[in-house]
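Dear colleague,

Please find the structure below, together with its sequence.

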Amino acid sequence: MLSQLQQTRVMIRANLFSLHRRLAISISMALSVAIVVCVLAGFLAMAKGFETALASAGSSLVAVVLGGGTNQEAGSDIPASVLRTIEATAGDIGAARDPAGNLVSSREIVVPVDVQQGPGGLARTLALRGMEAAGPSIREGITLSQGRFFTPGSREIVGGDRLAGEFGLSAGDTVRLGAVDWMVVGHFSAHGSAFESELWGDLDAVRAAFNRQGQVQSLRLRLSGPDSLKRLQDSLSTMAETPLTALSEAGLYAAQSGRTASLIRSFGWPIALLMAIGATAGALNTMMSSVSDRTVEIATVRALGFSPLSAFIGTWVEAMMLAAIGVILGLAASWIVFNGWQASTIGANNARMAFQLTVSGDVLATSGLLGLAIGILGGALPAIAATRLPITAALRARG
Amino acid sequence: MTQHIAQEPYIALKGISKAYNIGGQAVPIFSGLDLCIPHGDFVAVMGPSGSGKSTLLNMLAGIDRPDAGSLRIGASHLDQMGEAARSSWRAHHMGIVFQFYNLLPILTAAENVELPLLLKPLSRRERRIRVERVLDLVGLGGRERQYPGVMSGGQQQRVGIARAIVCDPGLLLCDEPTGDLDRKSADEILEMLCFLNRQLGKTIVMVTHDPQAALHAKRTLHLDKGDFVEERRAA
């Protein structure tokens, strides 16, 4: 056993210390692994960032009631009569009430609006959410970063920090949304969640400006406890003449993020795997070249009595070392390039949703493992070839 | 009984047949080859290209197996051993000296010589002592840390010889050991082989094209078309 270890150590050393003889092809193998790792990490970081943005937007203590049989705000409509019924219902329906006995709720609509990105910049579609005064406080983790929240009944808006930074919105600015001007009175932080991609204004002011009088797409309710959603769903099923759907805010955003994240992954994985197949072929070529380069050395030590296993491990370790170097380079590049990179996509309300790419631990681990797999697979066949080299090569070849 | 064993040849080939498959056709190299080499002999094998010199050397080294016949070296029947057993036998009973030295360029002279010792249950200290001893023996004491790349051909071949004898094998197989050397270096190497044969009792089989090299052997066998056609004994 000790002898086997010593033989293997010599073979590994012989392989690694002779890398300079095949520097170009070794570098190309490491770089091809690095590119695969970097591309996969980029896609996974995108999916992760999107999920993080939406997942952190949702609270399990907030319910979102939607009408019209949909489970998305975009196609939802809750008739006024239904809202009056809900608000008038006494007793425990699963929702929290204020000291006066009123439901802690916010009726809301979302309107896509075009906002110019800086002077002369491109117009981007953002989500303008009309909400009642309780809207910001119902949500969890919302804090004012600058200014104040909008005054009910006025044409005032607040924007998420992410938008404020990107569009240069400051308290006191005037922004034209639709046909009227709106005063920016502050911006808020939502810890990087999807809320930061929205503009918030008063419900009535938004409805009036966009001719949506009387329309309510969603009703946000603070639940009386973590287990109250079922009670709310049961209550709604008995009272409404129109189908209502009550989801936890966390569930609503998780469903949205799940679809988009899996779409990103379904693009990312095939691309990365196709590239990985190419990189594996490259690794195979590199390692075959390595075995060919060391034919005399391998045959010589085999002629001295070294085991085939030592030749196998020596070649395999070289492949894995080169892949590991590629993995380190790829992960470092993905971290530098992608981590914290601001990206955006079209969200559920046909409006722009900004998010931050997140090169998290699991992204690094998954991408890194794919890179190492390239080394393992690409090195295996040449390692087997190394064990099958004719020992007679040592006797006839010039060293 | 003891007397009988002592008289047995150290290397005995009987009825050896060997053919290679070339382009789908079996090309015979040996057909019923016999050879006996006593312990302590120094045999040079000469012959034209394709006469079977390399095949003979490969079989004696346990690298190749005969198709038929028996091949015994010492008490080991190589024709009946599997690859792993022959590999182990090589590590313990013989040393090979290559034409082009076959040193690992990334290892120092001492590390190259140490390679066969890694197959034995020896401590690092024991290995170092043996390596120093054989390097002194071949006249390279003090050059343990030199790399092959900075050594002359003659010096590299001395390292190759040191590597071949470091495990103290009974048999040395030399494949054109002077084929890549100038005359002076070649003579030094041949003198060293004579020393190993006469003073240390090593049995040596040397394949060579060089008649002058063959003169250093105790006897010279000429191979042609797979058979020994002439034998010359040193005066």
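**Strands of chain A**

Within β3(A), A:Leu126 is the bridge partner of A:Val113. The model is a predicted one, in which local features need pLDDT of at least 70 and side-chain atom pairs count only at pLDDT 80 or more, while totals for chains, interfaces and linings use all residues. Residues are numbered from 1 along each chain as its sequence is written, and chains are lettered from A and ligands numbered from 1 in the order in which they are written.

Strand β2 (residues 105–116) of chain A and strand β3 (residues 123–131) of chain A are joined by eight bridges and run antiparallel. Helices (H or I, at least four residues) and strands (E, at least two) are DSSP runs, numbered from the N terminus; two strands pair if DSSP finds at least two bridges between them. Four bridges also join β2(A) to strand β9 (residues 218–222) of chain A, again antiparallel, and A:Glu108 has A:Ser218 of β9(A) as its bridge partner. Because nine of its twelve residues are buried, β2(A) is largely enclosed by the rest of the structure. Here, buried stands for 20 or more other C-beta atoms within 10 Å of the residue's own, with C-beta atoms placed from the backbone.

**Chain B and its interface**

In chain B, four strands form an open antiparallel sheet in the order β2-β1-β4-β5. Its edge strands are β2 (25–37) and β5 (76–77) of chain B, each pairing on one side only. Ten bridges join strand β1 (residues 11–22) of chain B to β2(B); B:Ile11 has B:Ile37 of β2(B) as its bridge partner.

Between the chains, 22 residues of chain B are in contact with 23 residues of chain A. On the side of chain B that touches chain A, the largest share, four residues, comes from α3(B). In α3(B), B:Arg86, B:Ser87, B:Arg90 and B:Ala91 are buried. What covers the buried residues of α3(B) includes α9 (295–304) of chain A and β6 (94–97) of chain B.

Yours sincerely

Notes. Two residues are in contact if their C-beta atoms, placed from the backbone, lie within 7 Å.
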